[in-house]
Structure formats: C-alpha cells, structure tokens
Amino acid sequence: MGKSVLILNGPNLNMLGKREPEIYGSTTLADIEQLCNAHATSIGLDCTFMQSNHEGELVEAIQNATGHHSGIIINAAAYTHTSVALMDAIKAVGLPCIEVHLSNVFSRESFRHTSYISLAATGVICGLGAKGYVLALDALADTFDQQK
Ligand code: DQA
C-alpha cells in the first residue's frame with residue numbers, strides 16, 4: 001500500500017463554489033477532493049480528505065494522523081491567521097506538512113499575511129487555486145522518496 005496523506009480543510013471551505021466566487025472561483029470542495037484522489041492514485045499515494053468548521057476537530061485530526069499518515073496538507077482557512085493550537089499540533093506530530101491556500105493571501109488584507117501554520121509547515125503554496133493541492137501532493141511524494 002502507498003503512503004497516506006491527510007488533507008485537512010478549515011472553516012468555510014465547505015462553501016467553495018458559492019463563497020466569494022470572484023476570489024475562490026467556481027470549484028467546489030468536492031471537486032478538489034476528486035482532483036486530490038485522482039492525483040494521489042496516479043503518483044502511488046493514498047489520501048484522506050476532510051473539512052471541519054471546528055478548530056478542535058482539526059487539532060484532533062492532526063494528533064490522530066500519527067501512525068496512520070506520512071504527511072499532511074492543510075488549508076486551515078481563517079484559522080491560518082489565528083490558531084496557535086493548530087500550529088502546536090503540527091509541531092507535536094512532526095510529520096511533513098504543506099500549507100495550501102487557494103488565493104494569494106499576500107495580495108489580500110494584511111491580516112492574511114500572518115500565518116501560524118507557516119511556522120510549523122515544511123512548505124507553503126498559495127494563489128494557484130486547486131492546483132496548489134496537486135502540487136502539495138507532489139511535494140510530499142518527493143519528501144517521502146527522500147526519506148527512503
Ligand atoms: C484561504 C485564505 C484565508 O485567508 C481565508 O480565510 C480562507 C481561505 C485560501 O484558501 O485562500 O478561508 O485559506
């Protein structure tokens with residue numbers, strides 16, 4: 001069996017497709033999940049995709065990744081800019097972690113320029129839409145190859 005990646009999505013990402021389409025486009029979270037599953041399979045990885053509007057659920061998912069997943073992709077959405085708890089959880093499990101944002105957070109309001117997740121992440125991809133998740137899967141696949 002291939003290595004497994006946990007793909008986490010934070011608050012309001014369940015609204016993609018309807019939510020601020022001028023920023024986030026028309027792609028839904030279900031579309032992104034499908035894209036991730038197809039790409040993960042094509043590069044020999046398994047992935048588990050989840051979304052929550054609750055910080056504690058995301059913290060628990062990260063904690064429970066140990067022993068089940070080899071890496072994490074996280075779009076923490078608004079929690080990116082506020083959550084010490086998510087940063088600590090990522091540091092605690094010590095798994096390679098790629099932070100993804102659909103939009104270019106650096107071209108938006110200044111409060112989006114601060115990311116607690118970046119302090120714990122291996123790498124960050126933003127502004128490339130759903131393609132960012134695909135690139136994050138490729139980045140983790142490279143990391144796993146280097147670990148061999
Ligand atoms: C986001 C950017 C965040 O600032 C925002 O709160 C989101 C989505 C993105 O994917 O571009 O909800 O993480």
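**Salt bridges, cores and a pocket**

1. Let's begin with charged pairs: there are 3 salt bridges in this structure. Please keep in mind that the model is a predicted one. As background, side chains of opposite charge can pair when their charged atoms come close.

2. Look for Glu109 first. Its side chain forms a salt bridge with Arg112, where the closest N and O atoms are 2.7 Å apart. Glu109 also meets Arg108 in a salt bridge, at 3.9 Å from N to O.

3. Are the residues of these two pairs buried or exposed? Glu109 is partly exposed, because its relative accessibility is 36%, between the limits of 20% and 50%. Arg108 has a relative accessible area of 17% and is therefore buried. Arg112 counts as buried too, at 17% relative accessibility.

4. The remaining pair to visit is Asp145 with Lys148, whose side chains meet in a salt bridge at 3.3 Å, N to O. Asp145 is partly exposed, with a relative accessible area of 45%, whereas Lys148 is exposed, at 81%.

5. The largest pocket has a volume of about 170 Å³. It is lined by 14 residues, and Tyr24, Ala77, Ala78, Arg108 and Arg112 are the closest to its centre. By type, the lining of the largest pocket comprises 7 nonpolar, 4 polar and 3 charged residues.

6. Which residues touch the most other members of the largest nonpolar core? Of its 25 residues, they are Val5, Ile7, Ile32, Cys36, Ile73, Tyr133 and Leu137. At least two residues of this core come from each of β1 (4-9), α2 (29-42), β2 (46-51), β4 (97-101) and α5 (131-147). The largest share, 6 residues, is supplied by α5.

7. Setting aside neighbours within four places in sequence, Val5 is in contact with Leu45, Asp46, Cys47, Thr48, His69, Gly71, Ile73, Leu137, Leu140 and Phe144. Another core lies apart from the largest one; it has 20 residues, including Ala61, Ile62, Ile72 and Ala120.

Terms used
Residues are numbered from 1 along each chain as its sequence is written. This is a predicted model: local features need pLDDT of at least 70, side-chain atom pairs count only at pLDDT 80 or more; totals for chains, interfaces and linings use all residues. Side-chain values use heavy atoms; hydrogens and water are left out. A nonpolar core is a set of buried Ala, Val, Leu, Ile, Met, Phe, Trp, Tyr and Cys residues joined through side-chain atoms within 4.5 Å. Buried means under 20% relative accessible area, exposed over 50%, partly exposed in between (1.4 Å probe, protein chains only). Helices (H or I, at least four residues) and strands (E, at least two) are DSSP runs, numbered from the N terminus. Contact means heavy atoms within 4.5 Å. On a 1 Å grid over the protein atoms alone, a cavity is a set of points where a 1.4 Å probe fits but cannot get out, and a pocket is an open set with protein on both sides within 12 Å along at least five of seven lines; lining residues have an atom within 4 Å of a point. Grid points are joined across faces, edges and corners, and a volume is the space filled by probe spheres set on the points. Ala, Val, Leu, Ile, Met, Phe, Trp, Tyr, Cys and Pro count as nonpolar, Asp, Glu, Lys and Arg as charged, and the others, Gly among them, as polar. A salt bridge is a side-chain nitrogen of Lys or Arg within 4 Å of a carboxyl oxygen of Asp or Glu.
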